[in-house]
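Welcome! Please take a moment to look over the sequence and the structure below, and then we can walk through them together.

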Amino acid sequence: METMIKQKIKEVKKGDQSAFEDIVSFYQNKVYHICLRMIGNSYEAEDLAQEAFIRAYTNLYTFDERRKFSTWLYRIATNLSIDRIRKKKPDYHLDAEVRGTDGLDMYSQLAAEQALPEEEVESLELQTYIHKEILALPPKYRSVIVLRYLDELALQEIAEILDIPVGTVKTRVHRGREALRKRLRHV
């Protein structure tokens, strides 16, 4: 698959803009989910994913073809997400009540792909709570926790995405897990 992507990149560099559509189609869900897990807001995640592809397209000439394109693209998406987190002050909470409703919170506004059976509600609540706690972690720990455990990337790939040494990734994963463990100790 990486060979096909590299071929598409060569076509884009030669001037074939439509070849980039295939790249976007292949990676759009993964990039969106990285942004969503970092930001926690689907609308912002869509904006960030789109921005990541725009940046990738405009900076494609800087891509080192000896490396994996996915790592380079995920780095762009992760950096954009971290920048948004740093610039943004928390102005809403997902558990805050939506005005004009009878007790509905922002969680109820998130789109569900399918209805969950009643027996999975408790599991869903726990997952939601854990995700909320992940979003509360400092950005440097949140990024490695998301990339390692939610996106299931290898430590080396995380190091390349974040442009930090593997040892730093290991340290941040450990400290992020410890911080998360402290936040979840009463669960």
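## Starting from one residue

In which helix does R172 lie? R172 belongs to helix 8, residues 166–183; helices here are DSSP runs of H or I with at least four residues, strands are runs of E with at least two, and both are numbered from the N terminus. This is a predicted model, where local features need pLDDT of at least 70, side-chain atom pairs count only at pLDDT 80 or more, and totals for chains, interfaces and linings use all residues. Residues are numbered from 1 along each chain as its sequence is written, and side-chain values use heavy atoms, leaving out hydrogens and water.

R172 is partly exposed, with a relative accessible area of 22% (buried means under 20%, exposed over 50%, partly exposed in between, with a 1.4 Å probe and protein chains only). Leaving aside neighbours within four places in sequence, R172 is in contact (heavy atoms within 4.5 Å) with K140, Y141, V144 and I164. From R172 to K140 there are 32 residues in sequence and 7.3 Å in space, C-alpha to C-alpha.

## The whole protein

Stepping back, the protein has eight helices and zero strands. Buried residues account for 35% of its 187 residues. Of the contacts between residues at least 6 apart in sequence, 61% join residues at least 24 apart.

## Where two helices meet

Which residues of helix 4 meet helix 6? T78, I82 and I85 of helix 4 meet P139, R142, S143 and L147 of helix 6. By class, this contact has four nonpolar, two polar and one charged residues (nonpolar covers Ala, Val, Leu, Ile, Met, Phe, Trp, Tyr, Cys and Pro; charged covers Asp, Glu, Lys and Arg; the others, Gly among them, are polar).
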